[in-house]
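Please keep the sequence and the structure in view while reading.

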Amino acid sequence: MAPASMDFRLPDPSSTEALGHALALALPAPNPGAIVYLQGELGSGKTTCARSLLRALGVTAPIRSPTYTLVDHYSLPALECVHVDLYRLRSSAEVDELGLRDLIGQGCFMLIEWPERGGAAVPAADLKTALNYSDAGRTATVLATTRLGESWLHNLGRDTSLSPYVSNLT
């Protein structure tokens with residue numbers, strides 16, 4: 001059975017980038033229509049992880065935090081990548097105005113930073129990734145919330161490049 005969650009120790013930005021890269025490579029299918037939440041305090045590594053993940057999927061355009069644009073789109077041959085940052089939003093009604101629910105489905109990969117700011121208006125995640133400060137850098141917990149997420153986590157657990165960073169499987 002696939003693990004329901006994995007914990008990582010991320011001592012430096014390159015380990016956060018390694019996690020993002022590994023998440024992209026572990027995606028169970030080339031265009032499954034997946035949603036990932038990136039949660040954590042300001043500066044905890046959400047955008048670093050997102051940038052690495054998007055690069056590993058094949059995005060070559062500049063990748064910035066969409067804090068002011070709210071939503072950035074990156075079109076790949078077989079996948080539409082959508083990077084969302086809800087930090088500045090004040091209500092779920094503002095999330096509805098972004099039209100995120102119209103984007104979900106086969107062929108759309110969505111990363112959502114600060115999903116808790118959007119409440120029930122935010123599409124449900126397949127993976128929830130929580131990045132937190134710790135004494136020696138950061139920690140990350142990746143939690144599967146759907147069958148796709150479980151398959152994804154199973155693939156991630158098989159990635160030996162992450163072995164030095166794994167601190168727990170549950």
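## Leu111 and its contacts

Leaving aside neighbours within four places in sequence, Leu111 is in contact (heavy atoms within 4.5 Å) with Val36, Leu38, Ala50, Leu53, Leu54, Val82, His83 and Val84. The model is a predicted one, in which local features need pLDDT of at least 70 and side-chain atom pairs count only at pLDDT 80 or more, while totals for chains, interfaces and linings use all residues. Residues are numbered from 1 along each chain as its sequence is written, and side-chain values use heavy atoms, with hydrogens and water left out.

Leu111 lies in strand β5, residues 108–113; here helices (H or I, at least four residues) and strands (E, at least two) are DSSP runs, numbered from the N terminus. With a relative accessible area of 0%, Leu111 is buried, a word that means under 20% relative accessible area, whereas exposed means over 50% and partly exposed lies in between (1.4 Å probe, protein chains only). The C-alpha atoms of Leu111 and Val84 are separated by 6.0 Å, although these residues are 27 residues apart along the chain.

## His83 in strand β4

His83, one of the residues that Leu111 contacts, is found in strand β4 and counts as buried, at 0% relative accessibility. Its side chain is joined to that of Glu113 by a polar contact of 2.6 Å; such a contact is a pair of N or O atoms within 3.5 Å, and within protein one must be able to donate a hydrogen and the other to accept it, while residues adjacent in sequence count only if both atoms are side-chain atoms.

## Helix α2

Helix α2 (residues 46–57) has 12 residues and reaches 17 Å from its first C-alpha to its last, close to the 16 Å expected at 1.5 Å a residue, where the expected span is 1.5 Å times one less than the number of residues. Among its buried residues are Ala50, Leu53 and Leu54, and these three are also contacts of Leu111. The buried residues of α2 pack against α1 (13–26), β2 (35–39), β3 (71–75), β4 (80–85), β5 and β6 (127–134).

## Strand β1 and its partner

Five of the six residues of strand β1 (residues 5–10) are buried, so this strand is largely enclosed by the rest of the structure. Strand β1 pairs with strand β7 (residues 137–144) in the antiparallel sense over six bridges, pairing being counted if DSSP finds at least two bridges between two strands. Ser5 has Leu143 in β7 as its bridge partner.
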